[in-house]
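Let's walk through this one together, going from the overall span down to a single side chain and the helix pair around it.

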Amino acid sequence: MDFDAIVEKSKAFSSKPPPEVYLEFYGLYKQVNSGDVNIEKPADAEGAAKYEAWLSRKGLSVDAAKAAYIALYEKYAPIYT
């Protein structure tokens, strides 16, 4: 499957992953679609957590981020589908 198909499948998990798992997906997704962090760190807790998840992927190429996202999906799909 390609990256876009995996993204759609991860959005359709039958049970909701915990926040730390969601943030792993979020950081990789943002890196694929926006590159390195290009915003200021938000002041609110949720925004700051998303920012940190994205920042943790800084320097990762688009292809590497896509591969990591797919691997993450393969790791968690048996648990949340």
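Take residues 1-81: their end C-alpha atoms lie 16 Å apart, and the span is 68% helix and 0% strand (DSSP runs, H or I of at least four residues for helices and E of at least two for strands, numbered from the N terminus). UniProt lists this stretch as "domain: ACB" in an unreviewed entry, and such annotations may be inferred rather than shown by experiment. Keep in mind that this is a predicted model, where local features need pLDDT of at least 70 and side-chain atom pairs count only at pLDDT 80 or more, while totals for chains, interfaces and linings use all residues. Residues are numbered from 1 along each chain as its sequence is written, and side-chain values use heavy atoms, with hydrogens and water left out.

Gln 31 has a relative accessible area of 2%, so it is buried (under 20%, with a 1.4 Å probe and protein chains only). Beyond its neighbours within four places in sequence, Gln 31 has contacts that include Trp 54, Arg 57, Leu 60 and Ala 65 (heavy atoms within 4.5 Å).

Ala 65 also takes part in the contact between α2 and α4. How do these helices cross? The axes of α2 and helix α4 (residues 62-80) come within 9 Å and cross at roughly 155°, with axes being lines fitted to C-alpha atoms over the stretch in contact and angles running from 0 to 180 degrees between N-to-C directions. Therefore α2 is roughly antiparallel to α4 (over 145 degrees). On the α2 side the contact includes Phe 25, Leu 28 and Gln 31, and on the α4 side Tyr 69 and Leu 72 are among the residues.

Note on methods:
Buried means under 20% relative accessible area, exposed over 50%, partly exposed in between (1.4 Å probe, protein chains only). Angles under 35 degrees count as roughly parallel, over 145 as roughly antiparallel, 65 to 115 as roughly perpendicular and the rest as oblique.
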